[in-house]
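Reader: Before we go into detail, could you show me the sequence and the model we will be discussing?

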Amino acid sequence: MCSHELFAVAVQNRWTQFLREDGNREVMAAVSLGSLSLPPLKYQKVAVCCSYVNGSVRPITVSGNPPTFVSASGRRIVAVGDLHGDLSKTRRALEMAGVLSSDGQDLWIGGETVLVQLGDILDRGEDEIAILSLLRSLDIQAKSTGGAVFQVNGNHETMNVEGDFRYVDPGAFDECIDFLDYLDEYKGHWDDAFIGWIRATKWWKKKRTSESYWTRWNFLKRQQAVIARSSLLRPGGPLACELGRHSVVLKVDDWIFCHGGLLPHHVAYGLERMNKEVSFWMRDFSESSDSPAVPFIATRGYDSIVWNRLYSRDSADAKYQILQISSILEETLQAVGAKGMVVGHTPQFNGVNSKYNERIWCIDVGMSSGVLNSRPEVLEIVDDKARVISNQNDLFEVMNYL
């Protein structure tokens, strides 16, 4: 074998060893469900996902596997849009939202707050795994105080699981190589390793040599970087399985959260059904020898949940088109029993805003330095009333986006 083939075999053997040694890894135990097999997740059909209840506030309950319906009565909800590998902007947004400490210790200070992140953590920035690690760490901390952190997958998550690396930042390829080396230290304990990456990432960055992986004289390193990312994010890979813990659509109380936008035919198909199918595909989990099919209705096509821009694009169209969109939105919200929908996906040049009588909130502000490099903004929902939290002192710069 040539050197990069040996590297690929080593990566595969390493991940296989993780699964064998870690008895708590969800993908090791399967529960049959029809023609597919479902690895048991942290969230069961109805589960209490917090261990602390303050006074009269009821426990958070979660239905669906992965989470689809969440009851978080009486709690403050904070939604954060696309992050695209920018750890610095992520921290600033979370600090602004009042859920992350500002002392650099990455501590949850949100109490019983429910945080929802709307996907597109991957691509265009170099700290993707670090952000995923931070959010998982915050979720664990939040549960101890009666709060919770939820994520929904976006189109860039599904693109990477499909092997589409067109928008990967060179630094993110570096992070994949570093992360695989770092995993060796944990001897198969995936959860400990994954949660700990946010603390270790700075040291690993410093450890990198000054030589760039991305020169034409270092083609082997480039191959190894692509192989490393493929091994982590292919269906059934460790990061793909991590993403498979999350939904593509989430209903928290009376609000729908998704990356692109929910449409009537999605509701008719079934929210929980779509979430399961995407999860199965990402985990490459099937009773047959064939891999699960790519869930088209959720992940492909202009009208899929992760790609749909119907609600988030510029609404300065003809009046009849606006009325048509409003009608589709009302049909969707009535079908799912929601008061409003929060979406990301399309950068909003004027910041977080609402449309269609405040039934839609568009919260992707392109904050990542790889997109618009805009000031972070987040959406807060309290007692079904939404407001924007922003810092007007940050810079705003316009760049191209997907």
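The questions that follow concern a strand, its neighbours and some salt bridges in this predicted model.

Reader: Which residues of strand β10 are buried on each side?

Author: In a regular strand the side chains alternate between the two faces of the sheet. Strand β10 covers residues 255-258, and both of its faces are covered. The buried residues are Ile256 and Cys258 on one side, and on the other Trp255 and Phe257.

Reader: Which residue of β11 stands opposite isoleucine 256?

Author: Strand β10 pairs with β9 in the antiparallel sense over 4 bridges, and there lysine 251 stands opposite isoleucine 256. Strand β10 is also joined by 3 bridges to β11, residues 340-343, and these two strands run parallel. In β11, the residue opposite isoleucine 256 is methionine 341.

Reader: How far apart in sequence are the parts that arginine 229 and aspartate 123 tie together?

Author: Arginine 229 forms a salt bridge with aspartate 123, with the closest N and O atoms 3.9 Å apart. Arginine 229 lies in helix α7 and aspartate 123 in the loop between β7 and α3, so the parts tied together are separated in sequence by 106 residues.

Technical notes: Residues numbered from 1 in each chain as written. Predicted model: local features only at pLDDT ≥ 70, side-chain atom pairs only at ≥ 80, totals over all residues. Heavy atoms only, no water. Buried < 20%, exposed > 50% of the residue type's maximum accessible area, 1.4 Å probe, protein only. Pairing = 2+ DSSP bridges. Salt bridge = Lys/Arg side-chain N within 4 Å of Asp/Glu carboxyl O.
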